[in-house]
Amino acid sequence: MKSSQNAALQTLTNLSGRRQFLQQSGMGLGAAALGSIVARAQANEAKSIDKQAADLKAGEMEGLHFPAKAKRVIFLFMAGAPSQMDLFDYKPELAKQFKQPLPPSVSNGQRVTAMTRGKEQIIAPSMFEFSRHGENGIHLSELLPHLGTVIDDICLIRSTHTDAINHDPGKTLFCTGSEIAGKASLGSWLSYGLGRMNENLPDFIVLNSAFWSGDKANIQALYSRLWGSGYLPSKHQGVSFQPSGDPVLFLSNPEGVNRESRQKMLDLVTDLNRQHMHQSGDPEILTTIAQQEMAFRMQASVPELTDLSQETEDTLAMYGPEVHKSGSFARNCLMARRMVERDVRFVQLFHRGWDHHSHLPKKIRGQAYDVDQPCAALIRDLRQRGMLDDTLVVFAGEFGRTTYCQGKLTHKDYGRDHHPRCFTTWMAGGGVKGGITHGVTDDFSYNVVENPVHVRDFNATILHQLGIDHERLTFPFLGLDQRLTGVEEAHVIHDILA
């Protein structure tokens, strides 16, 4: 075995590539210096992360810039954009204006999509009943009866707005802070800034619903850049768990390979990679080493994580009947609780099917069925386990839907187009006040009239609750100190914080 390792190392030593050429030429000194600097920076980052992980395990929620209120985040992302008017933003007076034109003074010539450009904007009131819930009597749609039972833990933000009017840039902006592809995602920033709390699991995990009950024809793809690391080291990117087979691709050993032989393989590959690192100074090699070692540990930790046999019947019932289906939103919510219980830093759930340009009432009923009970169960489950105070749960889509109809309009059938001017998001736990609403829209749920919250503000607030100043968490790239909230102003929503 030793001789084969030596032979492999000698082969690697003799490799002749671009970096080796630079090292052997007049630029060798500079290349060596660069490699040394990169190696030291990586080592310092590793030490910093180790220290922070030890502090957090000891219960000292120091954060990066100031004391944190939350340790971890569960982000429930509703891809396709839920209609705020049919779920959260009660506008009873619109019933009197059924099929009336939207006043030009309301739309004010604002941008619309190509799908409704030049068409008459006819008001479509929600067909759903709203009722009051919780101590403060917050209005919620009849489609959300379970969420109403935990509304005193939730802060509804009815004044969220965004710059994007189409799905791809809208999702990219929310998840990475920019409409331009290639930026680092929110979870990657948290991984980079705060480090790992559990050495046996990734600090950023992604769960995509394998099925949904809403629109199944007009579905946009989800792309890995939404949980990618962009310009940050790739070890900070999200790890996507699969609904069937190995939760993480290629996690299981192939037939004939046991754990002992896998350890020997890993030792050999690590030796090779370290030799290559000393030659080239490429920091991504350190990422490769770390990720391979993590994958080896995950072979033991992931099967335990995904085994629901120890969950009680009461817990399973709380999440609803769909929890028994692998890949369902309900099961993913339970998995998210198990992940944060094991100190995974950031878990992001994606649930598609919300793009309701036509037949909205029928489709949104199915979507609400998918998410209402599991969302409420997740909040209740975290609270019962004493975890809600230091776990921030957030819920959002990429934008809202229009008050005017798209397609055929009747009292019980209508569609809605994309609407970036206002929509509803919510937060729960993690130092956020519960049982309140923030922000107000006009009588048509078309414009924000009080306490606007941009997507940048939303993300800045998430960072703040984890002890991060969004203006100080930066990474140098292309001549700019990059940050999640970009170069435009962003403000923490202090009014909603406990």
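A crossing of two helices is left-handed if the near helix is turned anticlockwise from the far one by less than a right angle, and right-handed if clockwise. Helices (H or I, at least four residues) and strands (E, at least two) are DSSP runs, numbered from the N terminus. This is a predicted model, where local features need pLDDT of at least 70 and side-chain atom pairs count only at pLDDT 80 or more, while totals for chains, interfaces and linings use all residues. Residues are numbered from 1 along each chain as its sequence is written, and side-chain values use heavy atoms, leaving out hydrogens and water.

The chain has 14 helices and 17 strands. Of its 498 residues, 55% are buried (under 20% relative accessible area, with exposed over 50% and partly exposed in between, using a 1.4 Å probe and protein chains only).

Now find helix α12, residues 329-341. Eleven of its 13 residues are buried, among them Asn332, Arg337 and Arg338. After α12 comes Asp343, with a positive phi near 65 degrees.

How does α12 meet helix α13 (residues 360-384)? The two pack at an angle of about 20 degrees with axes 8 Å apart (axes are lines fitted to C-alpha atoms, for helices over the stretch in contact, and angles run from 0 to 180 degrees between N-to-C directions). α12 passes α13 in a right-handed crossing. On the α12 side, the contact (heavy atoms within 4.5 Å) includes Phe329, Cys333 and Arg337; on the α13 side, it includes Val371, Pro374 and Asp381.

Methods. The expected span of a helix is 1.5 Å times one less than its number of residues.
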